[in-house]
Amino acid sequence: MSDGTPKTRLHHLRALTRRGAVLGAAVLAFSGLAMSSANAQTGSITEFSTPTADSQPLDIAPGHDGSLWFTETKADKIARITPDGRITEFGAGITKGAAPAFITRGHDGNIWFTEGFATDGTGPAPTKVQIGRITPHGKVTEFSEGLNPADGINYITAGPDGNVWFTQDRGGLIGRITPHGKITTFSEGITPGSTVQDITPGPDGNLWFTESQDRIGRITPRGEVTEFSTGITPGSSPAEITVGRDGNLWFTEALGDRIGRITPRGEVTEFGTGITPGSLPRGITTGRDGNIWFTEFGGPFATDGNRIGRITIKGKVTEYSAGLTANALPYGITSGPDGQIWFTEAAASKIGRITVK
């Protein structure tokens, strides 16, 4: 049993991306169509259950086809959900035990994702890591050449250069993979042991990433790294990051119960008022309303959570929980093609949609 310390809680968050299970082939199912979001108020939540029980959906991203795509970490599947809630799961071509974790839409018309792989029981490090690619029709290709399992693998995003970029948390690396599968990694300028987390393209043509050891990093398409730490509360553990409509980068501070904002010049402002203490803010995205939306993961080692948060550009926070399954562990979040906010519920094996007006 955990003692609930920040280190233990952070380990729990990272461990969630590495759980695998041996489950079967692709499953097609349709969830019951929910009420139209057009008739709902801002903050109204609708949930859709995944066809596979205990699938542990983790991350979610919009696709090129007008649907949203998400990882099912425990089921070893990639799934697609339409705006009206129809879910299709794809498992063929994904290595059993691969534990698909984070996902993004590539510039090539495909969906790209990381595979964290469960451990073999001999230690905490994964025994293999891969980058996966799935076409809109569900054909999967996996890439591993050039990846060291000891370095781990974490978040992924489409870069401004037409390639896909990813983080390797244990190795303190930023990786780049071309549409053809060639992998290059960068480490110079990244503080050793900093545990790189999320990565996103910035408004300045560079990529920005979080480091759980209280830093925000910037990497150019050529691999030149700059780190920023001034203004970040020690022990706050920056987690996920997104671009706001104000031209700045916004990020969650998982152990600090704060939302941070960093300008392209590296100036940091933190916001904590209105965020429930112990809620573990995690995923983050920008909504069509111009506000920033985030998940409050909570979890068994947190004192509170299980909410969706919204913060305005001026820093005003509103939290929503009505309609959300108890202890659902909301994690990944994104703005959908329908203009609504979509998120994963890792423990409840559901996809949530929250109305934005």
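Trainee: What pLDDT does the protein average, and what share of the residues score at least 70?

Mentor: pLDDT is the predictor's confidence in each residue, from 0 to 100, and here the protein averages 89, with 87% of the residues scoring at least 70. Over residues 1-35, however, the pLDDT is below 50. This is a predicted model, in which local features need pLDDT of at least 70 and side-chain atom pairs count only at 80 or more, while totals for chains, interfaces and linings use all residues. Residues are numbered from 1 along each chain as its sequence is written, and side-chain values use heavy atoms, leaving out hydrogens and water.

Trainee: Which strands make up the open sheet that includes β15, and in what order?

Mentor: Strands of a sheet pair through backbone hydrogen bonds, either parallel or antiparallel. Strands are DSSP runs (E, at least two residues) numbered from the N terminus, and two of them pair if DSSP finds at least two bridges between them. This open sheet has four strands in the order β15-β16-β17-β18, with antiparallel pairing. β15 and β18 (225-228) stand at the edges with a single partner strand each, so one side of each is left without a neighbour in the sheet.

Trainee: How many bridges join β15 to β16?

Mentor: Four bridges join β15 to β16 (residues 207-211), and the two run antiparallel; Leu207 in β16 is the bridge partner of Pro201.

Trainee: Which residues of the lining lie nearest the centre of the largest pocket?

Mentor: Thr104, Thr157, Thr200, Thr242 and Thr334 do, out of 27 lining residues. A pocket is an open set of points on a 1 Å grid over the protein atoms alone, where a 1.4 Å probe fits, with protein on both sides within 12 Å along at least five of seven lines, and lining residues have an atom within 4 Å of a point.

Notes: Contact means heavy atoms within 4.5 Å.
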